[in-house]
Amino acid sequence: MLQFSYHPTRTRRGLLKASVLALALWAGMGTALAADQPAQAGVYRYKLGDFEITALSDGTVPLDMHKLLKGASASEIDAALASSFHGNPVEESINGYVVDTGSRIILIDTGTGDFFGEGHGKLVARLKAAGYEPSQVDDILVTHLHTDHSGGLVHDGKMVFPKAVVHIGQADVDFFMAPANQGGVGGYDKSYFVQGTASLAPYKASGHLAPFKGPTQFVPGITGIPTPGHTPGHAFYRVESQGQSMTFIGDVVHAESIQFAKPAITISFDVDPAKAAALRAAQFDKFAGSRELVAGAHLPFPGIGHVRRESTGYDFVPVDYADRDGQ
């Protein structure tokens, strides 16, 4: 008789992998598709010391870089995209991440939720496919209060993650939730303010909102680092375990094929474009020098890799794909 020990998360993962393999074989596609399926299904795991990182795809959205990018002509944008075998509009990934420390379940960003309409807001389904329930999430680290990062916090005005404490830069709370700003500020569309306020409101009302200022350690090995520019309270989250580290960089980059090579190019979503560009250049240089892992909210899923210096500018190098136990 076969015997096994039951672990809710691992057992669910095993059933998921088995189902994917069976489907691939039934379809006559062989094991090659089965090996590649976890990324296609929007769930990808990465071991970082004693922690397990799970990338979750909230979906993708096409972005017209001709209209959005600042500091480059349409022909320059098209040339940069073509060199990376991309075209305009760019299919932009929206990524969130689970950090499982063994004792706490931490979610970094929550996707769009209901705000982007049908076909989006897949993060909760992907979270469940990865073996986690929203009720298990202990802490949520929001890189900033744009809707594609905070929209998944709520459904029908209620908390999706009932016990989670939401951590976010105080400056974003002050900017986006200010009553005087709800009509928009200086051409920055009012939807950012209305939707951001709606996403945080039930957590604030229940005492589950914990804004922070300055570098802040939330649990051992996980630190928030203010990186203003894209928004006033934009933050990185650095995760360290057993001498390994990964920094979650939020929206420091949107157009991977363009902004790594030319960090000075900004995007219309930036609240302070000059500060965002300076931060991007400084952080790319830092990450290239340290060779540490980064994870980006809008880098192609799963969005994990390294920054590499080039003769001019930088490049992004994704991690090797792995589909085996412990990865």
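**Strands, a helix and salt bridges**

Colleague: Which residue of β16 is the bridge partner of T247?

Modeller: V294 is the bridge partner of T247. This is a predicted model: local features need pLDDT of at least 70, side-chain atom pairs need 80 or more, and totals for chains, interfaces and linings use all residues. Numbering starts from 1 along each chain as its sequence is written, and side-chain values use heavy atoms, without hydrogens or water.

Colleague: Why are β14 and β16 said to pair?

Modeller: Two strands pair if DSSP finds at least two bridges between them. β14 (residues 244-248) and β16 (residues 293-295) have three bridges, so they pair. The sense is parallel.

Colleague: What makes β11 and β18 edge strands?

Modeller: Look at the order in the open sheet: β11-β12-β13-β14-β16-β17-β18. The pairing in this sheet of seven strands is mixed. β11 (216-219) and β18 (314-318) each pair on one side only. On average, neighbouring strands are turned by 30 degrees against each other, direction ignored.

Colleague: How do you know that helix α10 packs on the sheet?

Modeller: α10 (residues 273-290) touches β13, β14, β16, β17 and β18. Contact means heavy atoms within 4.5 Å. Helices (H or I, at least four residues) and strands (E, at least two) are DSSP runs, numbered from the N terminus. The direction of α10 makes about 95 degrees with that of β17. Such angles run from 0 to 180 degrees between N-to-C directions of lines fitted to C-alpha atoms, for helices over the stretch in contact.

Colleague: Why is the pair D285 and R309 called a salt bridge?

Modeller: The cut-off is a side-chain nitrogen of Lys or Arg within 4 Å of a carboxyl oxygen of Asp or Glu. Here N to O is 3.0 Å, so the pair qualifies. D285 lies in α10 and R309 in β17, 24 residues apart. The whole structure holds nine salt bridges.

Colleague: What makes K286 and E292 another such pair?

Modeller: Their closest N and O atoms are 3.3 Å apart.

Colleague: Why is E292 called buried?

Modeller: Buried means under 20% relative accessible area, exposed over 50%, partly exposed in between (1.4 Å probe, protein chains only). E292 has 9%, so E292 is buried. K286 has 41%, so K286 is partly exposed.

Colleague: How do you know that E310 and R308 are partly exposed?

Modeller: E310 has 36% and R308 has 42%. Both values fall in between, so the label holds.

Colleague: Which residues do shared partners join into one network?

Modeller: R238, E240, K286 and E292.
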